[in-house]
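Open the structure in your viewer and get ready to click along.

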Amino acid sequence: MKKLALGTVLGTAVVLALSLGTLPRLAPELRAARPQAAAATPDLTGIWSPPRTPKGFLPYNFSPEAPPPMQPWAAKRCELVGCGTGPLGRANDDNMDPYLTSCAPYGLPRLMNHVGPFEILQSKGRVLVLFETGNSVEQIWTDGRGHPEDLDPSWMGHSIGHWEGATLVVDIVGLTDKSWLDTAGHPHSDALHVVERIHRVDHDTLENTLTFEDPKTYTRTWSSTIVYKLRPDWSLKEDIACEDKILIDLKAKKEKVYPYQPYPMNFPTETIPLPDVANAK
Amino acid sequence: MKHKIFAIVLMVFAGCFISTGVFAHHGASRWDTDAWGTISGTVKHFDWQNPHPLLLVDVKNDKGDVETWAVEFHPPNVMSRGVGWNHSTFKPGDQVTIYGHPEKKSVPIVNGMKSLRPVKVTMPGGQVVTVDPPGY
């Protein structure tokens with residue numbers, strides 16, 4: 001019993017001695033680590049969308065002040081589409097819009113300059129941006145990985161990010177050249193490289209400065225800044241491209257697709273076809 | 001007369017109103033934004049769909065013949081957040097009056113239907129709703 005008590009006292013003394021010896025060495029690191037960790041994860045979560053102006057929404061245009069410096073082929077295509085010369089900086093001929101004519105996804109970076117809201121979610125090693133438009137998801141990898149080599153071009157591309165203070169810096173490559181850069185109709189190639197710098201100006205305001213580098217399409221890099229407002233009362237809704245065309249198609253195949261449908265389905269009674277894009281001048 | 005349908009009135013107020021032109025599914029140049037017109041009639045069909053909800057309205061013209069007009073609105077999520085519409089906002093048989101921009105004469109009428117770009121709608125319940133801009 002006496003031995004046990006002595007052992008306990010000795011054991012406690014050893015533990016205390018070790019603690020006293022190690023704490024002064026650990027504590028400064030712990031103290032330093034905590035504020036650094038807090039600064040490394042600013043909170044951008046929430047549903048955001050561009051503010052509306054008295055005339056409607058923001059210009060649907062990453063280059064509202066002046067046209068970006070284009071290569072000759074891009075300038076010709078812009079002339080055909082009427083880049084930014086339509087209402088609110090849209091393309092003048094949006095019957096050339098791959099979204100409207102071919103049900104194509106918006107893709108990035110066009111989704112960042114659109115009236116549809118997006119929700120930012122943050123998790124360890126990854127920031128998710130859920131875009132309402134087309135129910136698209138951008139995964140921004142913040143775990144230190146780089147871009148894969150030999151990426152397949154895609155509508156959302158490949159995004160990696162890191163924090164610089166309170167700013168999330170996002171690097172996007174691997175984008176398909178089939179999408180429009182913005183609703184103004186500006187083209188881009190599969191060499192497009194977008195860098196976004198996203199930070200919270202105040203509680204209700206998010207600012208994104210995008211820099212575009214695409215030497216196949218533009219003669220120099222150029223930038224655009226867009227702000228978004230927090231929409232605390234909103235939730236994301238479903239958004240499917242071309243529901244009108246889907247309904248028309250299903251109606252045409254009704255007997256084949258729904259042979260045992262017991263109740264009448266709500267198919268459109270009339271259809272409004274899109275203009276003939278192939279012959280558009 | 002309960003089902004009396006008013007004749008189409010076209011009024012021109014050149015340059016008096018701002019034009020938002022937010023949606024232009026069939027081309028912004030389709031609409032004569034200097035001109036204003038009103039149609040009143042009976043809802044034939046309502047499709048709550050992307051990219052534009054489609055309302056078909058049977059309107060009696062000044063000769064007494066019924067013509068179907070096609071009216072498209074901002075996307076469903078915009079109309080939902082802005083003015084609270086949903087798939088059951090209009091039902092066949094509802095009476096509506098729509099005030100907006102007519103088509104330019106030079107633009108062919110799609111699918112045999114006339115069209116109007118709506119700015120204000122008098123709803124089946126009588127209230128007037130501004131649908132362009134839809135306010136959010």
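This is a predicted model: local features need pLDDT of at least 70, side-chain atom pairs count only at pLDDT 80 or more; totals for chains, interfaces and linings use all residues.

Leaving aside residues up to four places away in sequence, A:V129 touches A:F118, A:I120, A:E138 and A:I140.

Next, select the strand that holds this residue. Strand β3 covers residues 126–131 of chain A. Which residues of β3 lie on its covered face? They are A:V127, A:V129 and A:F131, while A:R126, A:L128 and A:L130 make up the uncovered face.

To see one pairing, highlight A:E119 and its bridge partner in β3(A), A:L130.

On to strand β4, residues 136–141 of chain A. Here too the strands are antiparallel, with six bridges joining β3(A) to β4(A). Highlight A:L128 together with A:Q139, its bridge partner in β4(A). This hairpin has four residues between its strands, and A:G134 in the turn has a positive phi of about 70°.

Time to zoom out. In soluble globular proteins, nonpolar side chains tend to be buried together. The largest nonpolar core in this model has 39 residues, and A:L108 and A:V129 have the most contacts inside it. Among the elements of chain A that give two or more residues to this core are α2 (72–81), β2, β3 and β9 (222–230).

For your last stop, move to chain B and select B:W36, B:L55, B:F73 and B:M79. These residues belong to a second, separate core of 21 residues.

Conventions
Residues are numbered from 1 along each chain as its sequence is written. Chains are lettered from A and ligands numbered from 1 in the order in which they are written. A residue is buried if 20 or more other C-beta atoms lie within 10 Å of its own, exposed if 12 or fewer, and partly exposed in between; C-beta atoms are placed from the backbone. Two strands pair if DSSP finds at least two bridges between them. A nonpolar core is a set of buried Ala, Val, Leu, Ile, Met, Phe, Trp, Tyr and Cys residues joined through C-beta atoms within 7 Å. Two residues are in contact if their C-beta atoms, placed from the backbone, lie within 7 Å.
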